[in-house]
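Hello,

I am handing over a structure for you to look at. My notes follow below it.

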Amino acid sequence: MQIGQSEHIYTVSELNRTARETLEETFGEIWLRGEVSELTRAASGHLYFTLKDDDAEISAVRFRSRSALLSPMAVEQGMVVLALGRLTVYEPRGRYQFIASLLQPVGEGALQAAIERLKSKLQAEGLFDPAHKSPIPRFPLRIGLVTSPSGAALRDLRSVLERRWPVAQVFLFASSVQGEAAPSELVRAIEAAERYSQAEAPLDVLIVGRGGGSAEDLAAFSDERVVRAVHGCTIPTVSAVGHEIDFGLTDFAADLRAPTPSAAAELVVPDREEIIDATRARAVWLRQSFARRLEARAARLDGLLRGYVLRLPGRRIERAAQELDGQVDRLVRMVGDRFRDRTRRLQHVREVLRLSDPDRPLERGYSVTFLKGESEPIKDASRVPLNAWIETRLHAGRLLSRITETSKDANTKEVDAN
Amino acid sequence: MTIEDALGKLEEITRQLEDEETGLDASIALFEEGLTLAASIKAQLEEAKLKVEQVIEKTQGTFTLDSLDLT
């Protein structure tokens, strides 16, 4: 075969350059969907990988300078992505490749958009209205949980409750939390919890949730049926979906949103240590308050006993008197000791009285003299006439005598004693 | 009595003891009841052990419980 005069003979470089220019012009910037494989992270920070579908593949690269839009770490082997970029040829190797400027997991954008639309719709319907929210009991004892029996949510909830509030009882209503069947299973579990709460003993709170996962993993918690079931549940509900930044629309429909299942447990139950401390402080207060009351009562009684009661106006006297009556028994016990003092004092008085008895000096030899028939003792000789009969009383017995002489002088007296 | 009831009762006792009108005899009874309640609350909280049950709905409205307690 002859090469014609007009035929252009390409060099390899020229061909590769021409192919590159043609591809770039023809396709411009496009979206490409494929699964990531043969992923290599170069030391330079560039990301080399292959995008493929069931029948074909194309090599791809994302340069570091373009990576700001999505962290290279977020791209994983096996992930189906939507890549925005340009088709080109790497001229030195004649390799046809795709240069991606943006990578995003498939479904994520569409999923987020769908969730946002649903959120607006349910919000307009009033499903997220704060007026619908019921308070969570302060001391829940029967805690319902809708989640997977094998997931992180149950494990986390259990460990928090064991530490903070082991008086609680957890009732698990099992459901898958991701995948096709998850929304209908979640709805069934929430409804079963509702029936259980009504048929058996009421549940104080129902926690609906799961541990962290990808946006698609969490999608069941933004499913309209699940959101409506949470909204319609008469048990106070707590939505606890994924990690801190994750969310499900159930977060808005529930009575309380918790960032994680562990946080749900922390929010819902009190800490037993705090209650034990508070109770201990309360017992101390009771003792002190009671002691103060006893002291105050003792002081008041004291006041009453001192007779202040007599200065009070009529009604208050009556009240005080009743008060006194009511306290008599206690008083008897309280002043029992003083009664013993009084007995002792009585003996003393008796002794004083005995010492002042007029008969007592006669014992020592003194005597008392009366004019016969009179009761007043004679104190003045001049008042006694001659020949009068006088009676002298001694300690033992009496003398009857007749006056023969009287004298004012205490030293001269003559008595005719017969 | 549940913890909540006991705590409520303890609060009520405190209120009554704060009230000057409460008589001495009533105070003694309240004081004793308060201390008993405080001890029982503490014991309940310290001795409790978490129970976890899986609820299985056999037919609609009839349930069985399956203990998931850790041994």
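**Helix pair in chain B**

Helix 1 of chain B passes helix 2 of chain B in a left-handed crossing (the near helix is turned anticlockwise from the far one by less than a right angle). The contact involves Ile3(B), Leu7(B) and Leu10(B), among others, on helix 1 of chain B, and residues including Leu30(B), Phe31(B) and Leu37(B) on helix 2 of chain B (contact: C-beta atoms, placed from the backbone, within 7 Å). The axes of helix 1 (residues 3-18) and helix 2 (residues 24-47) of chain B come within 9 Å and cross at roughly 150° (axes are lines fitted to C-alpha atoms, for helices over the stretch in contact; angles run from 0 to 180 degrees between N-to-C directions). The two helices of chain B are therefore roughly antiparallel (over 145 degrees).

This is a predicted model: local features need pLDDT of at least 70, side-chain atom pairs count only at pLDDT 80 or more, and totals for chains, interfaces and linings use all residues. Residues are numbered from 1 along each chain as its sequence is written, while chains are lettered from A and ligands numbered from 1 in the order written.

Seven strands form an open sheet, ordered 10(A)-9(A)-8(A)-6(A)-7(A)-1(B)-2(B), with mixed pairing. Helices (H or I, at least four residues) and strands (E, at least two) are DSSP runs, numbered from the N terminus; strands pair if DSSP finds at least two bridges between them. Strand 10 (256-258) of chain A and strand 2 (62-67) of chain B each have a single partner strand, so one side of each lacks a neighbour in the sheet. Strand 1 (residues 51-59) of chain B pairs with strand 2 of chain B in the antiparallel sense over six bridges. Gln54(B) has Asp66(B) as its bridge partner in strand 2 of chain B.

Best wishes

Technical notes:
Parallel < 35°, antiparallel > 145°, perpendicular 65-115°, else oblique. Contact = placed C-beta atoms within 7 Å.
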